[in-house]
Amino acid sequence: MKKDKTTSPADSGILDTATTRREFLKKGTAAGAVAAGGMAMALIPGKGNARTFPVPPKWDKEYDIIVIGSGFAGLAAAITAKEAGEDAIILEKMPAVGGNSIINGGLLASVNSKLQEKEGVKDSVEIYVNDLLKAGRGLNHVELIKMVAMEGSDLPEWTAERGVQWNPKLEHLGGHSVPRTLLTTNSSGSGIVKPLTDYYTGKLGGKLQKKTKVIGFVRDASEATPNSRVLGVAVLENYAFDYKSTDGDRNNKSGSRKFYRARKGIVVATGGFSQDPFLRGIQEPSLAKPTDQLDSTNHPGATGEVLEGLFKLGGAPIHLSWIQSGPWASPNEKGFGVGSSYQIAAGFRFGIMIDKATGRRFVNELADRKTRADAMFKVIGDPKKPVYPFTIADSDEGVLAAQTLQKCLERKVVLKFDTIEAVAKHFGVPLEPFKAQIKEYNDYVKAGQDKQFGKPIDKFIKPIEKAPFYVMEGVPKTHHTMGGVMINTKGQVIDMETQEPIPGLYAAGEVVGGPHGASRLGSCAIPDCLVFGRICARNVAKEKA
Ligand code: ADP
(Lines give C-alpha, C1' and ligand atoms only; values in the text may rest on other atoms or scores of the structure.)
Protein backbone atom coordinates (compact mmCIF):
# COMPACT_ATOMS: atom_id res chain seq x y z
CA MET A 1 0.00 0.00 0.00
CA LYS A 2 1.49 3.26 -1.05
CA LYS A 3 0.28 6.46 0.48
CA ASP A 4 -0.57 9.10 -2.02
CA LYS A 5 2.06 11.67 -1.32
CA THR A 6 2.03 15.09 -2.91
CA THR A 7 5.42 15.92 -4.34
CA SER A 8 4.93 19.65 -4.13
CA PRO A 9 2.00 21.72 -2.96
CA ALA A 10 1.91 23.42 -6.34
CA ASP A 11 1.37 20.09 -8.10
CA SER A 12 -1.76 19.39 -6.21
CA GLY A 13 -3.07 22.85 -5.54
CA ILE A 14 -3.02 22.04 -1.86
CA LEU A 15 -0.88 23.84 0.64
CA ASP A 16 0.40 22.79 3.98
CA THR A 17 1.22 24.69 7.14
CA ALA A 18 4.77 25.36 6.04
CA THR A 19 3.51 27.46 3.16
CA THR A 20 3.40 31.09 4.10
CA ARG A 21 0.64 33.40 3.04
CA ARG A 22 3.00 35.26 0.68
CA GLU A 23 4.13 32.05 -1.00
CA PHE A 24 0.52 31.03 -1.17
CA LEU A 25 -0.31 34.10 -3.26
CA LYS A 26 2.93 34.07 -5.27
CA LYS A 27 2.78 30.48 -6.42
CA GLY A 28 0.02 31.15 -8.90
CA THR A 29 -1.64 27.86 -8.09
CA ALA A 30 -5.36 27.49 -8.43
CA ALA A 31 -5.60 27.89 -4.68
CA GLY A 32 -3.48 30.99 -4.93
CA ALA A 33 -5.79 32.39 -7.57
CA VAL A 34 -8.72 32.05 -5.24
CA ALA A 35 -6.79 33.65 -2.44
CA ALA A 36 -5.77 36.52 -4.67
CA GLY A 37 -9.13 37.56 -5.85
CA GLY A 38 -11.83 35.04 -5.15
CA MET A 39 -11.76 34.04 -8.81
CA ALA A 40 -14.10 31.30 -9.92
CA MET A 41 -12.99 28.07 -8.33
CA ALA A 42 -12.32 25.37 -10.87
CA LEU A 43 -12.60 21.74 -9.97
CA ILE A 44 -9.46 20.99 -8.03
CA PRO A 45 -8.98 17.32 -7.62
CA GLY A 46 -6.70 17.61 -4.61
CA LYS A 47 -4.49 14.60 -4.02
CA GLY A 48 -4.15 13.70 -0.39
CA ASN A 49 -6.22 14.74 2.58
CA ALA A 50 -5.83 16.18 6.00
CA ARG A 51 -3.89 19.34 5.26
CA THR A 52 -3.82 22.44 7.42
CA PHE A 53 -4.75 25.50 5.36
CA PRO A 54 -3.94 29.16 5.97
CA VAL A 55 -6.84 31.57 6.45
CA PRO A 56 -8.47 32.29 3.09
CA PRO A 57 -9.04 35.96 2.19
CA LYS A 58 -12.74 35.22 1.93
CA TRP A 59 -14.78 32.46 3.51
CA ASP A 60 -17.30 30.78 1.23
CA LYS A 61 -19.75 30.06 4.07
CA GLU A 62 -20.00 30.78 7.80
CA TYR A 63 -21.78 29.02 10.67
CA ASP A 64 -21.59 29.09 14.47
CA ILE A 65 -20.86 25.39 14.73
CA ILE A 66 -19.64 22.97 12.09
CA VAL A 67 -20.24 19.29 12.82
CA ILE A 68 -18.31 16.88 10.61
CA GLY A 69 -20.07 13.54 10.15
CA SER A 70 -23.71 12.45 10.36
CA GLY A 71 -23.50 9.34 12.56
CA PHE A 72 -24.70 9.05 16.16
CA ALA A 73 -22.08 11.47 17.49
CA GLY A 74 -22.63 14.10 14.80
CA LEU A 75 -26.42 13.93 15.05
CA ALA A 76 -26.38 14.20 18.86
CA ALA A 77 -24.06 17.22 18.59
CA ALA A 78 -26.05 18.97 15.87
CA ILE A 79 -29.40 18.36 17.59
CA THR A 80 -28.07 19.69 20.90
CA ALA A 81 -26.56 22.72 19.18
CA LYS A 82 -29.73 23.47 17.24
CA GLU A 83 -31.94 23.02 20.29
CA ALA A 84 -29.72 25.59 22.02
CA GLY A 85 -30.46 28.01 19.18
CA GLU A 86 -27.09 27.77 17.45
CA ASP A 87 -26.53 28.10 13.71
CA ALA A 88 -25.14 24.61 13.12
CA ILE A 89 -24.49 22.49 10.05
CA ILE A 90 -23.60 18.85 9.56
CA LEU A 91 -21.13 18.16 6.74
CA GLU A 92 -21.24 14.61 5.41
CA LYS A 93 -18.99 13.35 2.64
CA MET A 94 -21.13 10.43 1.55
CA PRO A 95 -24.32 10.74 -0.55
CA ALA A 96 -26.29 9.29 2.38
CA VAL A 97 -26.39 10.06 6.09
CA GLY A 98 -25.49 7.79 8.95
CA GLY A 99 -22.04 6.28 8.31
CA ASN A 100 -21.52 3.18 10.40
CA SER A 101 -24.27 4.24 12.76
CA ILE A 102 -27.02 3.49 10.27
CA ILE A 103 -25.78 -0.08 9.71
CA ASN A 104 -24.92 -0.73 13.33
CA GLY A 105 -26.81 -3.20 15.51
CA GLY A 106 -28.94 -0.61 17.34
CA LEU A 107 -27.78 -1.63 20.84
CA LEU A 108 -27.54 0.93 23.64
CA ALA A 109 -26.08 0.16 27.06
CA SER A 110 -27.54 2.47 29.68
CA VAL A 111 -26.70 2.38 33.39
CA ASN A 112 -29.49 2.89 35.92
CA SER A 113 -32.11 3.17 33.19
CA LYS A 114 -35.85 3.02 33.81
CA LEU A 115 -35.94 -0.39 32.08
CA GLN A 116 -33.36 -1.77 34.52
CA GLU A 117 -35.51 -0.50 37.37
CA LYS A 118 -38.56 -2.20 35.83
CA GLU A 119 -36.72 -5.53 35.38
CA GLY A 120 -35.21 -5.34 38.86
CA VAL A 121 -31.60 -5.22 37.57
CA LYS A 122 -29.13 -3.81 40.08
CA ASP A 123 -26.48 -1.81 38.25
CA SER A 124 -24.11 1.04 39.04
CA VAL A 125 -21.55 3.32 37.44
CA GLU A 126 -18.88 1.30 39.24
CA ILE A 127 -20.03 -2.08 37.85
CA TYR A 128 -20.23 -0.57 34.35
CA VAL A 129 -16.76 0.99 34.58
CA ASN A 130 -15.32 -2.30 35.82
CA ASP A 131 -16.91 -4.22 32.94
CA LEU A 132 -15.39 -1.78 30.44
CA LEU A 133 -11.99 -1.89 32.14
CA LYS A 134 -11.98 -5.67 32.06
CA ALA A 135 -12.76 -5.78 28.33
CA GLY A 136 -10.42 -2.85 27.65
CA ARG A 137 -7.51 -4.63 29.40
CA GLY A 138 -7.28 -1.71 31.82
CA LEU A 139 -6.24 0.78 29.13
CA ASN A 140 -9.48 2.76 29.23
CA HIS A 141 -9.45 6.41 30.21
CA VAL A 142 -11.72 6.09 33.22
CA GLU A 143 -12.82 9.72 33.39
CA LEU A 144 -14.36 9.37 29.92
CA ILE A 145 -16.29 6.16 30.64
CA LYS A 146 -17.57 7.56 33.89
CA MET A 147 -19.04 10.44 31.89
CA VAL A 148 -20.68 7.97 29.50
CA ALA A 149 -22.18 6.02 32.42
CA MET A 150 -23.36 9.05 34.36
CA GLU A 151 -24.66 11.08 31.44
CA GLY A 152 -26.12 8.08 29.63
CA SER A 153 -28.94 6.96 31.93
CA ASP A 154 -31.43 9.32 30.26
CA LEU A 155 -30.52 8.27 26.71
CA PRO A 156 -33.49 5.88 26.29
CA GLU A 157 -35.86 8.78 27.02
CA TRP A 158 -33.78 11.44 25.21
CA THR A 159 -33.81 9.38 22.03
CA ALA A 160 -37.44 8.24 22.43
CA GLU A 161 -38.58 11.87 22.75
CA ARG A 162 -36.92 12.45 19.36
CA GLY A 163 -38.61 9.53 17.63
CA VAL A 164 -36.55 6.40 18.43
CA GLN A 165 -38.45 3.21 19.30
CA TRP A 166 -36.96 0.70 21.73
CA ASN A 167 -37.97 -2.88 22.58
CA PRO A 168 -39.53 -3.06 26.04
CA LYS A 169 -37.03 -5.74 27.21
CA LEU A 170 -33.33 -5.62 28.12
CA GLU A 171 -30.65 -7.65 26.34
CA HIS A 172 -27.67 -9.20 28.10
CA LEU A 173 -24.56 -8.81 25.96
CA GLY A 174 -21.13 -10.43 26.19
CA GLY A 175 -18.80 -8.86 28.77
CA HIS A 176 -21.58 -7.09 30.70
CA SER A 177 -22.15 -8.22 34.30
CA VAL A 178 -25.85 -7.47 34.10
CA PRO A 179 -28.52 -6.90 31.42
CA ARG A 180 -28.35 -3.18 30.61
CA THR A 181 -28.75 -3.03 26.84
CA LEU A 182 -31.72 -1.69 24.90
CA LEU A 183 -32.35 -2.71 21.29
CA THR A 184 -34.18 -0.67 18.67
CA THR A 185 -37.42 -2.22 17.41
CA ASN A 186 -35.84 -2.78 13.98
CA SER A 187 -32.61 -4.29 15.41
CA SER A 188 -30.55 -1.65 13.66
CA GLY A 189 -28.87 1.69 14.22
CA SER A 190 -31.08 2.96 11.40
CA GLY A 191 -33.84 2.93 14.02
CA ILE A 192 -31.89 5.74 15.69
CA VAL A 193 -30.27 7.55 12.76
CA LYS A 194 -33.45 7.93 10.68
CA PRO A 195 -35.69 9.43 13.39
CA LEU A 196 -32.89 11.66 14.70
CA THR A 197 -32.14 12.90 11.16
CA ASP A 198 -35.84 13.55 10.52
CA TYR A 199 -36.12 15.35 13.84
CA TYR A 200 -33.02 17.45 13.15
CA THR A 201 -33.74 18.41 9.55
CA GLY A 202 -37.54 18.40 9.89
CA LYS A 203 -38.72 19.57 13.29
CA LEU A 204 -35.62 21.64 14.08
CA GLY A 205 -34.98 22.78 10.50
CA GLY A 206 -31.28 21.91 10.93
CA LYS A 207 -28.79 22.17 8.06
CA LEU A 208 -27.21 19.03 6.69
CA GLN A 209 -25.03 19.01 3.60
CA LYS A 210 -24.17 15.69 2.00
CA LYS A 211 -21.44 15.02 -0.58
CA THR A 212 -19.22 17.51 1.24
CA LYS A 213 -15.86 16.10 2.19
CA VAL A 214 -13.67 17.83 4.76
CA ILE A 215 -10.12 17.72 3.45
CA GLY A 216 -8.40 19.81 6.08
CA PHE A 217 -8.61 22.45 8.78
CA VAL A 218 -8.00 26.19 8.61
CA ARG A 219 -5.93 27.57 11.43
CA ASP A 220 -5.31 31.09 12.56
CA ALA A 221 -1.60 31.48 11.92
CA SER A 222 -1.51 35.03 13.26
CA GLU A 223 -1.36 33.68 16.81
CA ALA A 224 1.59 31.72 18.07
CA THR A 225 1.31 28.05 17.25
CA PRO A 226 0.68 25.44 18.55
CA ASN A 227 -2.17 26.95 20.51
CA SER A 228 -3.81 29.03 17.84
CA ARG A 229 -7.51 28.67 17.14
CA VAL A 230 -8.94 26.35 14.53
CA LEU A 231 -11.19 28.61 12.50
CA GLY A 232 -12.81 26.46 9.92
CA VAL A 233 -12.51 23.69 7.38
CA ALA A 234 -11.58 23.18 3.76
CA VAL A 235 -14.13 21.03 1.96
CA LEU A 236 -14.81 19.53 -1.42
CA GLU A 237 -18.40 20.40 -2.35
CA ASN A 238 -20.24 18.02 -4.68
CA TYR A 239 -17.77 15.33 -3.81
CA ALA A 240 -18.65 11.89 -5.17
CA PHE A 241 -17.12 9.09 -3.11
CA ASP A 242 -15.50 6.60 -5.46
CA TYR A 243 -17.07 3.28 -4.47
CA LYS A 244 -14.70 1.44 -6.82
CA SER A 245 -11.60 2.66 -5.00
CA THR A 246 -9.97 0.10 -2.75
CA ASP A 247 -7.96 2.60 -0.69
CA GLY A 248 -10.86 4.51 0.89
CA ASP A 249 -10.79 7.08 -1.94
CA ARG A 250 -7.70 8.99 -0.89
CA ASN A 251 -7.34 10.67 -4.27
CA ASN A 252 -10.33 12.99 -4.22
CA LYS A 253 -11.03 12.95 -7.93
CA SER A 254 -14.19 15.01 -7.59
CA GLY A 255 -15.62 18.11 -5.97
CA SER A 256 -14.68 21.77 -5.81
CA ARG A 257 -12.80 23.23 -2.89
CA LYS A 258 -14.41 25.76 -0.58
CA PHE A 259 -13.64 27.20 2.84
CA TYR A 260 -16.24 27.21 5.64
CA ARG A 261 -15.79 29.23 8.81
CA ALA A 262 -16.96 28.02 12.24
CA ARG A 263 -17.51 31.09 14.40
CA LYS A 264 -17.71 29.15 17.68
CA GLY A 265 -16.10 25.82 16.94
CA ILE A 266 -15.94 22.51 15.13
CA VAL A 267 -17.20 19.14 16.36
CA VAL A 268 -15.39 16.29 14.63
CA ALA A 269 -17.58 13.19 14.48
CA THR A 270 -16.08 11.36 11.53
CA GLY A 271 -16.05 7.84 12.97
CA GLY A 272 -13.34 5.20 12.75
CA PHE A 273 -10.92 3.96 10.10
CA SER A 274 -11.77 0.28 9.63
CA GLN A 275 -12.02 0.82 5.85
CA ASP A 276 -8.75 2.72 5.55
CA PRO A 277 -6.09 0.28 4.34
CA PHE A 278 -3.26 2.76 4.91
CA LEU A 279 -4.15 3.77 8.47
CA ARG A 280 -5.29 0.35 9.66
CA GLY A 281 -2.40 -1.31 7.82
CA ILE A 282 0.32 0.76 9.51
CA GLN A 283 -1.13 -0.27 12.87
CA GLU A 284 -1.52 -3.93 11.99
CA PRO A 285 0.19 -5.03 8.77
CA SER A 286 -2.23 -7.92 8.21
CA LEU A 287 -4.97 -5.29 7.78
CA ALA A 288 -3.11 -3.40 5.03
CA LYS A 289 -5.02 -5.27 2.34
CA PRO A 290 -7.17 -3.21 -0.08
CA THR A 291 -10.82 -3.01 0.94
CA ASP A 292 -11.95 -5.54 -1.68
CA GLN A 293 -9.73 -8.18 -0.08
CA LEU A 294 -10.52 -7.74 3.62
CA ASP A 295 -14.12 -7.74 4.74
CA SER A 296 -15.24 -5.29 7.40
CA THR A 297 -18.60 -4.58 9.00
CA ASN A 298 -18.10 -0.87 8.23
CA HIS A 299 -19.48 1.45 5.57
CA PRO A 300 -16.98 2.29 2.80
CA GLY A 301 -16.46 5.85 4.06
CA ALA A 302 -14.97 4.73 7.39
CA THR A 303 -11.58 6.25 6.58
CA GLY A 304 -9.17 8.31 8.61
CA GLU A 305 -8.41 11.49 6.66
CA VAL A 306 -9.92 13.80 9.26
CA LEU A 307 -8.22 11.90 12.07
CA GLU A 308 -4.93 12.45 10.23
CA GLY A 309 -5.89 16.13 10.01
CA LEU A 310 -6.38 16.23 13.79
CA PHE A 311 -2.93 14.75 14.29
CA LYS A 312 -1.47 17.35 11.94
CA LEU A 313 -3.01 20.04 14.12
CA GLY A 314 -1.24 18.51 17.11
CA GLY A 315 -4.06 16.38 18.53
CA ALA A 316 -2.68 13.60 20.75
CA PRO A 317 -3.09 10.08 19.36
CA ILE A 318 -4.36 7.26 21.58
CA HIS A 319 -4.51 3.44 21.22
CA LEU A 320 -4.33 3.46 17.42
CA SER A 321 -3.25 -0.13 17.05
CA TRP A 322 -6.21 -1.57 18.93
CA ILE A 323 -8.46 -2.62 16.11
CA GLN A 324 -11.40 -4.78 17.03
CA SER A 325 -12.92 -7.63 15.09
CA GLY A 326 -16.61 -8.33 15.71
CA PRO A 327 -16.89 -12.04 16.65
CA TRP A 328 -20.51 -12.38 15.60
CA ALA A 329 -20.27 -11.92 11.83
CA SER A 330 -21.04 -14.52 9.17
CA PRO A 331 -18.66 -15.80 6.47
CA ASN A 332 -21.73 -16.41 4.28
CA GLU A 333 -22.68 -12.76 3.71
CA LYS A 334 -20.83 -9.47 3.34
CA GLY A 335 -20.30 -6.95 6.14
CA PHE A 336 -22.46 -6.80 9.26
CA GLY A 337 -25.33 -8.37 7.36
CA VAL A 338 -28.32 -9.91 9.11
CA GLY A 339 -26.37 -12.68 10.84
CA SER A 340 -24.57 -10.43 13.31
CA SER A 341 -27.81 -9.30 14.98
CA TYR A 342 -29.04 -12.90 15.26
CA GLN A 343 -25.74 -14.07 16.71
CA ILE A 344 -25.66 -11.23 19.28
CA ALA A 345 -29.29 -11.63 20.36
CA ALA A 346 -29.57 -15.41 20.20
CA GLY A 347 -26.67 -17.57 19.00
CA PHE A 348 -24.20 -16.60 21.71
CA ARG A 349 -26.65 -16.06 24.56
CA PHE A 350 -28.97 -19.05 24.11
CA GLY A 351 -26.60 -21.33 22.19
CA ILE A 352 -23.02 -22.54 22.31
CA MET A 353 -20.16 -22.17 19.85
CA ILE A 354 -18.53 -25.32 18.55
CA ASP A 355 -15.18 -26.12 16.93
CA LYS A 356 -16.04 -28.37 13.97
CA ALA A 357 -12.82 -30.34 14.39
CA THR A 358 -13.53 -31.42 17.96
CA GLY A 359 -17.28 -31.01 18.45
CA ARG A 360 -16.44 -29.05 21.63
CA ARG A 361 -16.91 -25.51 22.87
CA PHE A 362 -13.75 -23.42 23.01
CA VAL A 363 -14.68 -20.08 24.62
CA ASN A 364 -17.24 -18.38 26.85
CA GLU A 365 -19.83 -17.31 24.26
CA LEU A 366 -20.55 -14.18 26.30
CA ALA A 367 -16.93 -13.15 26.83
CA ASP A 368 -15.86 -9.74 25.55
CA ARG A 369 -15.32 -9.33 21.82
CA LYS A 370 -11.56 -9.62 21.83
CA THR A 371 -11.54 -12.82 23.87
CA ARG A 372 -14.06 -14.39 21.51
CA ALA A 373 -12.45 -13.12 18.29
CA ASP A 374 -8.96 -14.25 19.33
CA ALA A 375 -10.30 -17.72 20.21
CA MET A 376 -12.21 -17.93 16.91
CA PHE A 377 -9.19 -16.94 14.83
CA LYS A 378 -7.27 -19.83 16.43
CA VAL A 379 -10.03 -22.30 15.53
CA ILE A 380 -10.41 -20.90 12.00
CA GLY A 381 -6.69 -21.41 11.35
CA ASP A 382 -5.24 -20.69 7.91
CA PRO A 383 -7.48 -18.01 6.28
CA LYS A 384 -6.91 -19.69 2.91
CA LYS A 385 -8.41 -22.95 4.28
CA PRO A 386 -10.67 -21.64 7.04
CA VAL A 387 -12.58 -23.93 9.39
CA TYR A 388 -15.36 -21.69 10.66
CA PRO A 389 -16.84 -22.49 14.07
CA PHE A 390 -20.63 -22.38 14.47
CA THR A 391 -23.20 -21.64 17.12
CA ILE A 392 -26.02 -24.06 17.75
CA ALA A 393 -29.22 -22.97 19.49
CA ASP A 394 -32.61 -24.66 19.81
CA SER A 395 -36.22 -23.54 19.38
CA ASP A 396 -36.47 -21.82 22.71
CA GLU A 397 -38.65 -18.70 22.64
CA GLY A 398 -35.60 -16.46 23.20
CA VAL A 399 -34.07 -17.76 19.97
CA LEU A 400 -37.28 -17.51 17.97
CA ALA A 401 -37.67 -13.92 19.17
CA ALA A 402 -34.42 -12.85 17.44
CA GLN A 403 -35.63 -10.19 15.05
CA THR A 404 -33.46 -11.10 12.07
CA LEU A 405 -33.89 -14.90 12.31
CA GLN A 406 -36.30 -15.17 9.37
CA LYS A 407 -34.04 -13.07 7.11
CA CYS A 408 -31.05 -15.19 8.20
CA LEU A 409 -32.91 -18.37 7.20
CA GLU A 410 -33.97 -16.88 3.86
CA ARG A 411 -30.37 -15.87 3.11
CA LYS A 412 -28.99 -19.20 4.42
CA VAL A 413 -26.84 -17.41 6.95
CA VAL A 414 -28.57 -19.51 9.62
CA LEU A 415 -29.48 -23.11 8.81
CA LYS A 416 -32.26 -25.14 10.44
CA PHE A 417 -31.83 -28.85 11.34
CA ASP A 418 -34.26 -31.36 12.87
CA THR A 419 -31.65 -33.35 14.77
CA ILE A 420 -28.19 -32.98 16.31
CA GLU A 421 -27.08 -35.88 14.07
CA ALA A 422 -28.05 -33.89 10.97
CA VAL A 423 -25.97 -30.92 12.19
CA ALA A 424 -22.96 -33.16 12.78
CA LYS A 425 -23.32 -34.78 9.37
CA HIS A 426 -23.69 -31.48 7.52
CA PHE A 427 -20.55 -29.94 9.05
CA GLY A 428 -18.47 -33.11 9.45
CA VAL A 429 -18.38 -32.81 13.24
CA PRO A 430 -17.48 -35.91 15.34
CA LEU A 431 -20.93 -36.90 16.65
CA GLU A 432 -20.24 -38.44 20.06
CA PRO A 433 -18.05 -35.61 21.48
CA PHE A 434 -20.55 -33.10 20.03
CA LYS A 435 -23.51 -34.79 21.74
CA ALA A 436 -21.54 -35.12 24.97
CA GLN A 437 -20.67 -31.44 24.82
CA ILE A 438 -24.32 -30.42 24.46
CA LYS A 439 -25.30 -32.65 27.40
CA GLU A 440 -22.47 -31.27 29.52
CA TYR A 441 -23.51 -27.68 28.76
CA ASN A 442 -27.16 -28.47 29.45
CA ASP A 443 -26.19 -29.78 32.88
CA TYR A 444 -24.36 -26.49 33.58
CA VAL A 445 -27.45 -24.54 32.55
CA LYS A 446 -29.63 -26.64 34.88
CA ALA A 447 -27.14 -26.06 37.71
CA GLY A 448 -27.03 -22.31 36.90
CA GLN A 449 -23.23 -22.32 36.56
CA ASP A 450 -21.00 -22.89 33.53
CA LYS A 451 -18.03 -24.78 34.95
CA GLN A 452 -16.46 -25.11 31.50
CA PHE A 453 -15.97 -21.45 30.48
CA GLY A 454 -17.81 -19.32 33.04
CA LYS A 455 -20.53 -18.02 30.70
CA PRO A 456 -23.05 -16.08 32.81
CA ILE A 457 -26.24 -18.18 32.89
CA ASP A 458 -29.16 -15.78 33.29
CA LYS A 459 -32.72 -16.87 34.03
CA PHE A 460 -33.74 -16.83 30.35
CA ILE A 461 -31.06 -19.29 29.22
CA LYS A 462 -32.43 -22.85 28.79
CA PRO A 463 -30.82 -26.23 27.95
CA ILE A 464 -30.37 -26.86 24.22
CA GLU A 465 -32.84 -29.68 23.53
CA LYS A 466 -35.89 -28.48 21.65
CA ALA A 467 -35.78 -29.23 17.87
CA PRO A 468 -35.44 -27.77 15.32
CA PHE A 469 -31.92 -26.48 15.90
CA TYR A 470 -30.53 -23.24 14.47
CA VAL A 471 -26.91 -23.13 13.36
CA MET A 472 -24.80 -20.19 12.22
CA GLU A 473 -21.17 -20.27 11.12
CA GLY A 474 -19.06 -17.40 12.42
CA VAL A 475 -16.05 -15.30 11.48
CA PRO A 476 -14.70 -12.16 13.16
CA LYS A 477 -14.68 -9.08 10.88
CA THR A 478 -12.87 -5.75 11.31
CA HIS A 479 -15.38 -3.69 13.19
CA HIS A 480 -14.20 -0.91 15.47
CA THR A 481 -11.06 1.14 15.78
CA MET A 482 -10.61 1.86 19.47
CA GLY A 483 -7.90 4.41 18.84
CA GLY A 484 -8.27 8.02 17.81
CA VAL A 485 -7.58 11.48 19.10
CA MET A 486 -7.49 12.45 22.77
CA ILE A 487 -10.26 14.55 24.30
CA ASN A 488 -11.00 15.76 27.81
CA THR A 489 -14.34 15.36 29.58
CA LYS A 490 -15.59 18.51 27.84
CA GLY A 491 -14.96 16.93 24.44
CA GLN A 492 -12.07 19.30 23.65
CA VAL A 493 -9.26 17.89 21.52
CA ILE A 494 -5.99 17.86 23.48
CA ASP A 495 -2.77 19.15 21.95
CA MET A 496 0.17 16.77 22.18
CA GLU A 497 2.72 19.47 22.91
CA THR A 498 0.89 21.82 25.27
CA GLN A 499 -1.38 19.13 26.76
CA GLU A 500 -4.05 21.82 26.62
CA PRO A 501 -7.24 21.94 24.55
CA ILE A 502 -6.83 23.13 20.97
CA PRO A 503 -9.10 26.20 20.83
CA GLY A 504 -12.24 25.71 18.77
CA LEU A 505 -11.79 21.98 18.28
CA TYR A 506 -14.01 19.26 19.75
CA ALA A 507 -14.45 15.56 18.92
CA ALA A 508 -16.87 12.75 19.77
CA GLY A 509 -17.57 9.15 18.80
CA GLU A 510 -15.30 6.60 17.18
CA VAL A 511 -12.80 9.23 16.01
CA VAL A 512 -11.90 9.62 19.70
CA GLY A 513 -9.55 7.20 21.46
CA GLY A 514 -9.54 6.30 25.14
CA PRO A 515 -12.96 5.28 26.40
CA HIS A 516 -12.78 1.67 25.31
CA GLY A 517 -9.12 0.82 25.89
CA ALA A 518 -7.96 -2.31 24.08
CA SER A 519 -11.40 -3.65 23.24
CA ARG A 520 -14.87 -2.14 23.21
CA LEU A 521 -17.80 -3.86 24.85
CA GLY A 522 -20.84 -4.36 22.66
CA SER A 523 -23.55 -1.68 22.96
CA CYS A 524 -21.13 0.87 24.46
CA ALA A 525 -20.45 2.78 21.22
CA ILE A 526 -23.90 4.34 20.93
CA PRO A 527 -23.92 5.82 24.46
CA ASP A 528 -20.32 7.03 23.98
CA CYS A 529 -21.27 8.79 20.72
CA LEU A 530 -24.53 10.27 22.00
CA VAL A 531 -23.18 11.40 25.37
CA PHE A 532 -20.06 13.04 23.97
CA GLY A 533 -21.90 14.46 20.96
CA ARG A 534 -24.19 16.26 23.40
CA ILE A 535 -21.30 17.33 25.65
CA CYS A 536 -19.29 18.77 22.73
CA ALA A 537 -22.28 20.76 21.50
CA ARG A 538 -23.10 22.12 24.96
CA ASN A 539 -19.52 23.32 25.41
CA VAL A 540 -18.94 24.70 21.94
CA ALA A 541 -22.21 26.65 22.29
CA LYS A 542 -20.65 28.43 25.28
CA GLU A 543 -17.72 29.71 23.16
CA LYS A 544 -17.66 33.30 21.90
CA ALA A 545 -18.61 33.77 18.26
P1 ADP B 1 -19.82 7.63 14.88
O2 ADP B 1 -20.39 6.28 15.24
O3 ADP B 1 -18.56 7.94 15.62
O4 ADP B 1 -20.85 8.72 14.94
P5 ADP B 1 -20.15 7.07 12.02
O6 ADP B 1 -19.29 6.19 11.20
O7 ADP B 1 -21.52 6.57 12.30
O8 ADP B 1 -19.35 7.47 13.35
O9 ADP B 1 -20.33 8.47 11.30
C10 ADP B 1 -19.21 9.19 10.85
C11 ADP B 1 -19.62 9.94 9.58
O12 ADP B 1 -18.59 10.85 9.23
C13 ADP B 1 -19.83 9.03 8.37
O14 ADP B 1 -21.10 9.24 7.83
C15 ADP B 1 -18.73 9.43 7.42
O16 ADP B 1 -19.09 9.32 6.04
C17 ADP B 1 -18.48 10.87 7.82
N18 ADP B 1 -17.15 11.34 7.42
C19 ADP B 1 -15.97 10.67 7.54
N20 ADP B 1 -14.95 11.40 7.02
C21 ADP B 1 -15.49 12.56 6.57
C22 ADP B 1 -14.97 13.69 5.90
N23 ADP B 1 -13.69 13.76 5.56
N24 ADP B 1 -15.81 14.70 5.59
C25 ADP B 1 -17.14 14.63 5.89
N26 ADP B 1 -17.70 13.56 6.48
C27 ADP B 1 -16.90 12.53 6.83
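D450 counts as buried, because its relative accessibility is 5% (buried means under 20% relative accessible area, exposed over 50%, partly exposed in between; 1.4 Å probe, protein chains only). The model is predicted: local features need pLDDT of at least 70, side-chain atom pairs count only at pLDDT 80 or more, and totals for chains, interfaces and linings use all residues. Residues are numbered from 1 along each chain as its sequence is written, and side-chain values use heavy atoms, with hydrogens and water left out.

D450 lies in the loop between helix 17 (431–447) and strand 16 (469–473). Helices (H or I, at least four residues) and strands (E, at least two) are DSSP runs, numbered from the N terminus. The D450 side chain makes a polar contact of 3.0 Å with the side chain of R361. A polar contact is a pair of N or O atoms within 3.5 Å; within protein, one must be able to donate a hydrogen and the other to accept it, and residues adjacent in sequence count only if both atoms are side-chain atoms. The side chain of D450 also reaches the backbone nitrogen of K455, at 2.9 Å. P468 is placed in the loop between helix 17 and strand 16. The peptide bond from A467 to P468 is cis, with omega near -5 degrees.

D123 is buried because its relative accessibility is 12%.

The ligand has 26 residues around it, of which E92, S101, V214, E305 and E510 come nearest. A residue is near a molecule if one of its heavy atoms lies within 4 Å of it. The shell divides into nine nonpolar, 12 polar and five charged residues. Here Ala, Val, Leu, Ile, Met, Phe, Trp, Tyr, Cys and Pro count as nonpolar, Asp, Glu, Lys and Arg as charged, and the others, Gly among them, as polar. Helix 4 (72–83), strand 7 (213–219) and helix 11 (305–313) each supply at least two shell residues. Polar backbone atoms of A73 and N100 each lie 3.1 Å from an oxygen atom of the ligand. A polar side-chain atom of E305 is 2.8 Å from a ligand nitrogen. Taken alone, the ligand exposes 580 Å², and the protein buries 98% of that. These areas come from the Shrake-Rupley method with a 1.4 Å probe; for residues, only the protein chains shown count as cover.

Helix 11 is largely enclosed by the rest of the structure, because eight of its nine residues are buried. The buried residues are E305, V306, L307, E308, G309, L310, F311 and L313. K312 also belongs to helix 11, but counts as partly exposed because its relative accessibility is 44%. K312 and T52 are 260 residues apart in sequence, yet 7.2 Å apart in space, C-alpha to C-alpha. Just after helix 11, G314 takes a positive phi of about 110 degrees.

R137, in the loop between helix 6 and helix 7 (142–151), has a phi of about 55 degrees. R137 is partly exposed because its relative accessible area is 36%. N252 has a phi near 50 degrees and lies in the loop between strand 8 (230–237) and strand 9 (256–268). N252 is buried, with a relative accessible area of 0%.
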